Amino acid sequence: MTVGPTEDAKGFDLARLLAERGGERYELHTRHLNHQLPRMLHTIGFDKVYERAEGAHFWDADGNDYLDMLAGFGVMGLGRHHPVVRKALHDVLDASLADLTRFDCPPLPGLLAEKLLAYSPHLDRVFFGNSGTEAVETALKFARYATGKPRILYCAHAFHGLTTGSLSVNGENGFRDGFAPLLPDTAIELGDLDALERELRRGDVAAFVVEPIQGKGVHMTPPGFLRAAQELLHRHKALLIADEVQTGLGRTGMFYAHQHEPGVEPDLVCVAKSLSGGYVPVGATLGKEWIFKKVYSSMDRVLVHSASFGSNAQAMAAGLAVLSVMEDERVVDNARTTGDLLRSRLAALVDKYELLHDVRGRGLMIGIEFGRPKSLALRGRWTMLQAARKGLFAQMVVVPLLQKHRILTQVSGDHLEVIKLIPPLIIGEAEVDRFVAAFTAVMDEAHGGGSLMWDFGRTLVKQALQSK
């Protein structure tokens with residue numbers, strides 16, 4: 001007997017549930033989820049209630065709009081609720097496909113793989129998982145099996161994910177502490193070819209995994225480093241893994257960030273985030289033919305690496321729609337030109353504000369770094385913040401951007417005086433004007449000794465000291 005819905009069943013009503021219980025959002029998180037998240041949001045004044053979103057904007061219950069310069073940590077490359085992606089998801093649901101039977105070959109994964117590989121002609125095959133960290137895990141496993149070597153090299157301050165394998169190549173101790181033992185991996189400084197070669201000479205290195213631009217701090221790989229690293233790795237029969245989870249799909253003004261350096265052809269490339277369209281989690285690991293054929297060397301090994309929800313129809317449809325929009329709307333070109341405009345406008349402020357030390361990045365991945373001022377009055381306040389916790393000044397800038405100017409940003413990492421801008425790739429000159437005007441106003445207040453801003457700084461100091 002097949003069980004199905006009945007006409008008199010009360011059924012599930014999402015709209016009613018949200019209307020009845022939506023106001024409990026912060027209490028529900030406090031009771032049932034990560035209780036430190038609402039605590040942190042209350043502390044810094046980020047405990048907003050957003051009612052709806054579209055493109056690069058949110059709206060609260062009062063109809064105030066907020067500019068999104070965070071894009072869900074890069075997930076919302078096309079902004080929120082792009083109509084083409086929405087339609088693709090409605091269409092795939094309405095098609096009632098026989099999805100995830102596990103014992104057939106549906107067309108959508110093959111079509112998305114074909115489309116992705118067209119942007120990487122030196123690569124041949126794709127594995128689809130569900131997230132960026134899973135894409136990295138896949139690359140680590142494939143590299144170790146294909147080379148027969150155990151060790152992975154990575155860069156200090158790198159971020160590749162938080163599952164155990166990707167955590168092993170995470171360059172921030174704050175994420176690693178308490179989760180040992182991890183994989184036998186070794187960190188080198190970004191750009192240090194001598195250290196890379198020294199480790200490779202030991203003969204046990206399977207691969208070197210690197211972000212073309214580090215997410216934590218927005219640090220660029222030095223010119224020529226990726227090409228030279230690739231040559232060293234191949235000489236020692238090791239692989240180059242490019243983690244493009246955040247930098248890929250147009251973020252830096254090229255489809256992949258490693259393409260800014262001619263001749264760089266990674267053996268494995270990891271992507272995720274924007275490929276989802278902001279709807280359905282998806283990650284992909286692209287690789288060379290010989291690597292995949294070594295991992296999947298026989299029918300006995302057909303499921304040696306798989307994912308229960310990998311290649312599901314909704315994720316594949318979202319990915320295909322995202323790539324179509326990127327081509328039709330020239331999203332990569334927009335990221336390059338708008339990013340150049342935003343970065344140049346911000347860089348012009350470095351000489352004006354002594355607390356502003358550097359503006360760097362590519363495309364719409366931009367780091368704004370603050371540093372020790374020269375004037376005595378500002379230096380005293382800066383020192384107060386640094387003594388309590390490094391990174392508090394950047395947080396002091398982030399908060400008024402949201403509270404006064406309704407612009408969502410965040411610091412680039414713990415203990416960093418860097419704000420990272422990774423807005424939706426669809427923003428234009430109007431959003432650039434709005435952000436630069438707001439940022440200038442916040443900098444004016446900081447340098448003019450604005451009491452509200454520095455009073456908040458003292459609150460942050462108190463919180464930081466209490467948490468020690």
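Which element supplies the largest share of the lining of the second largest pocket, and how many residues does this share hold? The exercises below use a predicted model.

**Exercise 1. Describe the second largest pocket and its lining.**

Solution. 
- Step 1: Start with the volume. The second largest pocket holds about 1,000 Å³ of space.
- Step 2: Find the lining. It is made of 25 residues, and those nearest the centre of the pocket are Cys105, Val126, Phe127, Val302 and Ser311.
- Step 3: Assign elements. At least two lining residues come from each of helix H6 (107–117), strand E4 (125–129) and helix H12 (289–295). The largest share belongs to E4, with 4 residues.
- Step 4: Sort by residue type. The lining has 14 nonpolar, 6 polar and 5 charged residues.

**Exercise 2. Check the length of helix H14 and find where its buried residues lie.**

Solution. 
- Step 1: Work out the expected span. Helix H14 covers residues 331–347, which is 17 residues, and at 1.5 Å a residue it should span 24 Å. The expected span uses one less than the number of residues.
- Step 2: List the buried residues of H14. They are Val331, Val332, Ala335, Thr338, Gly339, Leu342, Arg343 and Leu346.
- Step 3: Look down the axis. The buried residues of H14 fall within an arc of 135°, so they line one face of the helix.
- Step 4: Identify the packing partners. These buried residues pack against helices H13 (313–328) and H17 (429–447), and against strands E13 (356–362), E14 (365–370) and E17 (418–421).

**Exercise 3. Decide whether glutamine 410 is buried or exposed, and list its contacts.**

Solution. 
- Step 1: Locate the residue. Glutamine 410 belongs to strand E16, residues 410–411.
- Step 2: Apply the cut-off. Buried means under 20% relative accessible area. Glutamine 410 has 15%, so it is buried.
- Step 3: List the contacts. With residues up to four places away in sequence left out, glutamine 410 touches Ile44, Phe46, Leu70, Gln395, Val398, Ile419 and Lys420.

**Exercise 4. Describe the surroundings of leucine 193.**

Solution. 
- Step 1: Locate the residue. Leucine 193 is in helix H10, residues 193–200.
- Step 2: List the contacts. Apart from neighbours within four places in sequence, leucine 193 is in contact with Phe225, Ala228, Ala229 and Leu232.
- Step 3: Leucine 193 and isoleucine 213 are 20 residues apart in sequence, and their C-alpha atoms are 17 Å apart.

Technical notes
Residues numbered from 1 in each chain as written. Predicted model: local features only at pLDDT ≥ 70, side-chain atom pairs only at ≥ 80, totals over all residues. Heavy atoms only, no water. Buried < 20%, exposed > 50% of the residue type's maximum accessible area, 1.4 Å probe, protein only. Contact = heavy atoms within 4.5 Å. Arc of directions from axis to C-beta. 1 Å grid on protein atoms, 1.4 Å probe; cavity = no way out; pocket = protein on both sides within 12 Å on 5 of 7 lines; lining within 4 Å. Points joined across faces, edges and corners; volume = space filled by probe spheres on them. Nonpolar A, V, L, I, M, F, W, Y, C, P; charged D, E, K, R; others polar.
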